Amino acid sequence: MVTTQHLSIISRHKTADVWYNPLTQHRSIHAAINFKEDDIIEDFYGGKMLDHTTYLTIQTDINSHIALKPAFLQFVSHSCNQNVFFNEETSQLKPV
């Protein structure tokens, strides 16, 4: 396990790492490589389909939400300052 101050890398993937902050108990995903605008970060698909939102799902329709697969993508921040885009038409996570 790699540690940066209070943050620990808890899993590594081809394009990103999942970090854990023990102070806040939050997990977050961080790029492991540099991306250009037209790159594909990761292909994704819906695992479990839900009729309600959770902090780990993305909304695909008015009453349709999916739990992301691969599972490490669930830690992509739902930020107002987005730097990635879930393209539902191509099922690809892309840089903004």
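Reader: Is Arg 12 buried or exposed?
Author: Arg 12 is exposed, with a relative accessible area of 53%. Exposed here means over 50%. Keep in mind that this is a predicted model.

Reader: Which residue forms a salt bridge with Arg 12?
Author: That is Asp 17. The closest N and O atoms of the pair are 3.2 Å apart.

Reader: And Asp 17, buried or exposed?
Author: Asp 17 counts as buried, at 7% relative accessibility. The cut-off for buried is under 20%, so Asp 17 falls in that class.

Reader: How many salt bridges does the count come to?
Author: The count comes to 1 salt bridge.

Reader: Okay, strands. How do S2 and S3 run?
Author: S2 covers residues 7-12 and S3 covers residues 16-21. They run antiparallel, joined by 4 bridges. A hairpin of 3 residues links S2 to S3.

Reader: What is the bridge partner of Ile 9?
Author: Trp 19, in S3.

Reader: Which residues make up S4, and how does S4 pair with S3?
Author: S4 is residues 26-31. S3 and S4 pair in the antiparallel sense over 6 bridges. One of the paired residues is Ala 16, whose partner in S4 is Ala 31.

Reader: What about the hairpin of S3 and S4?
Author: There are 4 residues between the strands. In this hairpin, Gln 25 takes a positive phi near 65°.

Reader: New topic. What is the strand order in the open sheet?
Author: The order is S6-S8-S7. That open sheet has 3 strands, with antiparallel pairing.

Reader: Which strands stand at the edges?
Author: S6 (45-50) and S7 (57-61). Each has a single partner strand, so one side of each has no neighbour in the sheet. On average, neighbouring strands of this sheet are turned by 45° against each other, direction ignored.

Reader: How many bridges join S6 to S8?
Author: 4 bridges, with the two strands running antiparallel. S8 is residues 64-69. Tyr 45 has Lys 69 in S8 as its bridge partner.

Reader: Where is His 65 found, and is it buried or exposed?
Author: His 65 is found in strand S8. His 65 is buried, at a relative accessible area of 6%.

Reader: What does His 65 touch?
Author: Leaving out residues up to four places away in sequence, His 65 touches several residues, including Lys 48, Met 49, Leu 50, Thr 57 and Ile 58. Asp 51 and His 52 are also among them.

Reader: Now the core. Which residues touch the most other members?
Author: The largest nonpolar core has 14 residues. Phe 44, Leu 68, Leu 73, Val 76, Phe 86 and Leu 93 touch the most other members. S3, S8 and S9 are the elements that give two or more residues to this core.

Reader: Why would nonpolar side chains be together like that?
Author: In soluble globular proteins, nonpolar side chains tend to be buried together.

Reader: What is Phe 44 in contact with?
Author: Setting aside neighbours within four places in sequence, the contacts of Phe 44 include Ile 58, Ile 66, Leu 68, Leu 73, Phe 86 and Leu 93. Asn 87 is also among them.

Reader: Where is Asn 87 found?
Author: Asn 87 is found in strand S9, residues 84-87. Its side chain reaches the backbone nitrogen of Glu 89 at 3.0 Å. Not counting residues up to four places away in sequence, Asn 87 touches Phe 44 and Gln 92.

Note on methods
Residues numbered from 1 in each chain as written. Predicted model: local features only at pLDDT ≥ 70, side-chain atom pairs only at ≥ 80, totals over all residues. Heavy atoms only, no water. Pairing = 2+ DSSP bridges. Axes fitted to C-alpha atoms, helices over the stretch in contact; angles between N-to-C directions. Polar contact = N/O pair within 3.5 Å; in protein donor to acceptor, adjacent residues only side chain to side chain. Contact = heavy atoms within 4.5 Å. Buried < 20%, exposed > 50% of the residue type's maximum accessible area, 1.4 Å probe, protein only. Core = buried A, V, L, I, M, F, W, Y, C linked by side-chain atoms within 4.5 Å. Salt bridge = Lys/Arg side-chain N within 4 Å of Asp/Glu carboxyl O.
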